[in-house]
Amino acid sequence: MAEVRSLHGVTTAEIFSDGLENLDKIESVALALKWKDGTVTAGSSTADPATLALLVLALDNYQRHLLSLMSGDEE
């Protein structure tokens, strides 16, 4: 399973700067944008559907783990 690291509190410029500095290490990109009008757009680069599915599963697992920690139900 993929390792998920939080980007909470990181600015958009920092995210893109880090990406540009590490282009040779990036396999694909998945991105969601929340616009000021409340609209959300999402997309991905050249990732195949199976890779994107694994990304979604990894993020879901990470979120469930965080929620269990917040509720005091440590696994």
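**The nonpolar patch and its surroundings**

Mentor: Happy to! Among contacts (heavy atoms within 4.5 Å) between residues at least 6 apart in sequence, 26% join residues at least 24 apart. Keep in mind that this is a predicted model, where local features need pLDDT of at least 70 and side-chain atom pairs count only at pLDDT 80 or more, while totals for chains, interfaces and linings use all residues. Residues are numbered from 1 along each chain as its sequence is written, and side-chain values use heavy atoms, with hydrogens and water left out.

The chain holds two helices and two strands, in the order α-β-β-α from the N terminus. These are DSSP runs numbered from the N terminus: H or I over at least four residues for helices, E over at least two for strands. Of the 75 residues, 4% are buried, where buried means under 20% relative accessible area, exposed means over 50% and partly exposed lies in between (1.4 Å probe, protein chains only). The accessible surface is about 6,700 Å², and carbon and sulfur atoms account for 59% of that; areas come from the Shrake-Rupley method with a 1.4 Å probe, and for residues only the protein chains shown count as cover.

Now to your patch. Val 10, Ile 15, Phe 16, Leu 20, Leu 23, Ile 26, Val 29, Leu 31, Leu 33 and Trp 35 make up a nonpolar surface patch with about 900 Å² of accessible area together. Patch residues have over 30% relative accessible area and no salt bridge; nonpolar side chains (Val, Leu, Ile, Met, Phe, Trp, Tyr) are joined within 5 Å, like charges within 9 Å. A salt bridge is a side-chain nitrogen of Lys or Arg within 4 Å of a carboxyl oxygen of Asp or Glu. Helix α1 (12–21) and strand β1 each give at least two residues to the patch, and α1 has the largest share, three residues.

On the strand side, Leu 33 sits in β1 and is partly exposed at 34% relative accessible area. Leu 31, another patch member, stands opposite Gly 43 in β2. Strands β1 (residues 30–34) and β2 (residues 40–44) run antiparallel, joined by five bridges; DSSP must find at least two for strands to pair. Five residues lie between the strands of this hairpin, and Gly 38 there takes a positive phi near 90°.
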